[in-house]
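Visitor: Could you take me through this model and show how its features are to be read?

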Protein chains: 4
Amino acid sequence: MNTFGTLFRLTSFGESHGAAIGGVIDGCPAGLEIDLDFIQSELDRRRPGQSRLTTARQEGDRVEILSGVMEFPAGGGKLHTTGTPIGFIVRNQNQHSSDYDDLRDVFRPSHADYTYYMKYGLRDHRGGGRSSARETISRVVAGAIAKLALRQLGIDIKAWTQQVGDIACERDWTKLDLSRIEDNAVHCPDPVIAQQMEELILQVKGEGDTIGGIIAGVITGCPVGLGEPVFGKLHAQLAAAMLSINAVKGFEYGDGFAGVSQRGSEQNDKFKVESLKLKVDNNSSEQEDTRLSQSQLSTFN
Amino acid sequence: MNTFGTLFRLTSFGESHGAAIGGVIDGCPAGLEIDLDFIQSELDRRRPGQSRLTTARQEGDRVEILSGVMEFPAGGGKLHTTGTPIGFIVRNQNQHSSDYDDLRDVFRPSHADYTYYMKYGLRDHRGGGRSSARETISRVVAGAIAKLALRQLGIDIKAWTQQVGDIACERDWTKLDLSRIEDNAVHCPDPVIAQQMEELILQVKGEGDTIGGIIAGVITGCPVGLGEPVFGKLHAQLAAAMLSINAVKGFEYGDGFAGVSQRGSEQNDKFKVESLKLKVDNNSSEQEDTRLSQSQLSTFN
Amino acid sequence: MNTFGTLFRLTSFGESHGAAIGGVIDGCPAGLEIDLDFIQSELDRRRPGQSRLTTARQEGDRVEILSGVMEFPAGGGKLHTTGTPIGFIVRNQNQHSSDYDDLRDVFRPSHADYTYYMKYGLRDHRGGGRSSARETISRVVAGAIAKLALRQLGIDIKAWTQQVGDIACERDWTKLDLSRIEDNAVHCPDPVIAQQMEELILQVKGEGDTIGGIIAGVITGCPVGLGEPVFGKLHAQLAAAMLSINAVKGFEYGDGFAGVSQRGSEQNDKFKVESLKLKVDNNSSEQEDTRLSQSQLSTFN
Amino acid sequence: MNTFGTLFRLTSFGESHGAAIGGVIDGCPAGLEIDLDFIQSELDRRRPGQSRLTTARQEGDRVEILSGVMEFPAGGGKLHTTGTPIGFIVRNQNQHSSDYDDLRDVFRPSHADYTYYMKYGLRDHRGGGRSSARETISRVVAGAIAKLALRQLGIDIKAWTQQVGDIACERDWTKLDLSRIEDNAVHCPDPVIAQQMEELILQVKGEGDTIGGIIAGVITGCPVGLGEPVFGKLHAQLAAAMLSINAVKGFEYGDGFAGVSQRGSEQNDKFKVESLKLKVDNNSSEQEDTRLSQSQLSTFN
């Protein structure tokens, strides 16, 4: 099942050791201006090897859009979507299969090699395949185009590194300067914490090891009522999307697991005030959106 | 979007203040013996009001199966599925609408009343509707039938209360006696912790308040390779299912968020040993399954 | 696969010899007034045994809507949809299983008994099951509600009997008085042809036999561009819907098979004139709609 | 909606005037040997311009498979599917946009230009786009791979031209030598009729006109019970697939519309004998299949 989404739908394909990674976006609205530089900048953010912190392998990922866009007006205008499916590919660089000869007889720990072998019956010792992190290229391209579409509706999505090992950026997101996420290699908006994260990663890397982390995100500008009850709830679909990314082990929204220790009266307070304000001001959408993007849409009865 | 699943698929309907809650199960294998007592016992477990710990409202939920089953052999045999869709309903008890008159002019905090009103444009002050906990009746019936089908494949699903407020049952699940989950009203397999949980809930209830909790679960007997890459990964679909339940705020599996502080070498070790064992013993499924399926889901109400 | 549709989606269940036939409509817009009398009148149209022409078995099919509707304003207002899934059932009358004892050892010709038996492995000699014509009850209820929704958009659907055996009503639909479809038992708008059809059916019935027929339909008021290229084309989805009805063997739209003998120049002429008019008048929608409802949206290159 | 199928699923993209036509096949079984020559031969069959009968434009369509296959054993073995999605593209030749300048101000009759323009709001006077016959390239590639998979199960699909204008090949398919379908440019297994069809097409072409036709097909080797009741019936899905092809106006299977004039007793006889044979011989699948799969599809261009 390599398709995700309903109205805006990505079908993804490609292995790390094949010819290309790509996808098809079906349902993108027609008439959306496509900013290729933005898509490329998102691909560059995804790419490992940009700094001394990550693996050194250099990948120059260039997207080629094969369909679903045209210059408008025809012959010289800017690129726009046409309403038809957007096919795209990113070619893989030539891989030297001999680099993987030492993996010929082992299943790597914490990798999906063994599972793929048992499920499909073919062994590709070069590993990775669809379980390679390169698979996320398709998500990044589709996500970039989705961001362009959402931007027109005033919806903005931001994500950053909140924790690496035990180094955490614990301030509430409203206290962070999200314009500084791209200022450092670890994508943490707090420059002091970012420095500590970098040092930890370098230390762990020096020991030939790896370390885990937590990504935080906020969506602003959502209209009230996004998502479809009961199985298409926004946070349920977000959880599925996030946990379909390799190596992701957990998802929480709003207060998440921290809320377990709280009383209902503590959690309800904030909500009560907001809904009161909404009724008084008849001007709810902006604040409601924020609340929703923080994903505190809880019901208990 | 009130349909969940691909091969075994539940479509759910029903409001807490309507005539009935029900659903349609499509894709259930033919020839499965249907144990109505088991389905009813699962419904009874779901039902609030069984003990002094929860709300006092008494609900006697009886399922009626309308299609998809027949006595086999015809005329006197046991009930079996036929391969056709299984329609079922659970009637709601008569509700006194006047009970809700004090809600006529308010949107309840931490409820979905406001969101439903904004999304659909109709106001039902009796609240609840699809966002009532009664909606889970359909899930319980479909889940019970799924358990009957999985039991034939040697797959078993168990879940219990792991934490209430700050009272946690922290032992590894392999150290717990899961046969004792039903021994107490809080469904915690550790009787001492269960006692503490009960006391906390009664205390909070006495204060007119509520408290959160964490549910843990384990699935044993899974074959290697369940789920479909990349968007249909088993844990991604589980996350979507769990977060589509009212009031659930987070999902993690395996080590979950706790793994963030660990080094790759710590996490890999275990896996390496397992996969080594697998290769040596050619007897991998049970241990692999366990690793794959250990999921912890949080819900608080 | 007992679900049809995307935005407005029917999931159907129920066997002719089970407790009830029913369904779930997901995606119906909120705030639609539900005219129960209209739904019942559509069910009555479907019901056999209304006249001497069809089988004598009397069925009094009464629909019960279980969810997805409420009185609005609450407590006395008219029934409206709420945006949540609409569950409904029609109870089957008590069936005497002994009536079917002579079928215990045979598979009926032109029935699906044998196929069901081979596919699902259970034998129900009372036959029918999901392949009974009673399965269409769910379609009729969902279709009636769809008609109510489409009526608000100015879209109207009409269907009638165009041919029985060799007796055909061959006039173009624009020459027929479609208000007279319900005037006779065979649902043919031409009273003279209707009389001949009735006579043929009675004669064939007297011989203990049955005879085939053709249904024609027209949809007026469609906006330009309904349906989704390339696999969701309106006529492709209509064909799937029609051929999923028991005993339907063919589907054509526009000129259909008759167009095979025509030259492109004959067929193009009409279209050219229309599109010319559209450009000149800048008032295309109504005429285009008609053209679309006749389903002549052909492209050839 | 550019995705078709459930277990074996094609997502298609590409315009006639864009960079490439392509698709993604999801769900193809792993371990299937991929015969590139066969896929190419199917693409060649699709390609117009092979003879004096069709339009002269030469297209050399070469498929490039981008994912989902590997040499097995790795490094020198034959190409096999891996179970992951198969992405593929066929590059379009460079098109000279100026060729279409005379279409800048007109909507072509019997084309979808106007409908696309109204639906999506962008005007591409070069026309075609997704409604070009080149869109079928994706279907042919996916169909060729499906044929390779079905061949392993003993299922075979054959189609041929049954009628062009009024020239029809009316013999029952069991009387035709289907090995001769490729012997002539019109793909008709009867050489005498084929000659007449060719002459008619050349004559019509000489008059600057076009003519319609009917394609017939037969699927042999189907197991009993293919397809899923009630909306996933095999013939219903076939009808949707066929009518989603440009310019197709009708679909019938079995006796189709011709059966309307027949009595039930005439139609049942054959079936009764078959089902009797099935019970007696316990050897039903081949004949049953044939009956089930005889479908006649019309297309004219």
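Visitor: Through which surface do the copies, chain D and chain A, meet?

Guide: This is a predicted model, and in it 100% of the interface residues of chain D are also interface residues in chain A, so the copies meet through the same surface. In the contact, 37 residues of chain D face 37 residues of chain A. Strand 2 (9–13), strand 3 (20–26), strand 5 (69–72), strand 7 (86–91) and helix 2 (113–120) of chain D each supply at least two residues of the side that touches chain A, and strand 3 of chain D gives the most, with four residues. By class, that side of chain D divides into 13 nonpolar, 19 polar and five charged residues.

Visitor: What rotation and shift superpose chain D on chain A?

Guide: In general, two copies of a chain are related by a rotation about an axis and a shift along it. Here a rotation of 180° with 0.0 Å of shift along its axis superposes chain D on chain A, with an RMSD of 0.1 Å, which is the relation of a two-fold axis.

Visitor: At what angle do helix 1 and helix 3 of chain D pack?

Guide: Two packed helices are described by the angle between their axes and the distance between the axes. Helix 1 (residues 36–46) and helix 3 (residues 136–151) of chain D pack at about 140°, with their axes 9 Å apart, and that angle makes helix 1 of chain D oblique to helix 3 of chain D. The crossing of helix 1 of chain D past helix 3 of chain D is right-handed. Residues making the contact include D:Phe38 and D:Leu43 of helix 1 of chain D, and D:Val140 and D:Ala144 of helix 3 of chain D; by class, this contact has nine nonpolar, two polar and two charged residues.

Definitions and conventions. Residues are numbered from 1 along each chain as its sequence is written. Chains are lettered from A and ligands numbered from 1 in the order in which they are written. This is a predicted model: local features need pLDDT of at least 70, side-chain atom pairs count only at pLDDT 80 or more; totals for chains, interfaces and linings use all residues. Axes are lines fitted to C-alpha atoms, for helices over the stretch in contact, and angles run from 0 to 180 degrees between N-to-C directions. Angles under 35 degrees count as roughly parallel, over 145 as roughly antiparallel, 65 to 115 as roughly perpendicular and the rest as oblique. A crossing is left-handed if the near helix is turned anticlockwise from the far one by less than a right angle, and right-handed if clockwise. Two residues are in contact if their C-beta atoms, placed from the backbone, lie within 7 Å. Ala, Val, Leu, Ile, Met, Phe, Trp, Tyr, Cys and Pro count as nonpolar, Asp, Glu, Lys and Arg as charged, and the others, Gly among them, as polar. Copies are superposed by least squares on the C-alpha atoms of residues with pLDDT of at least 70 in both.
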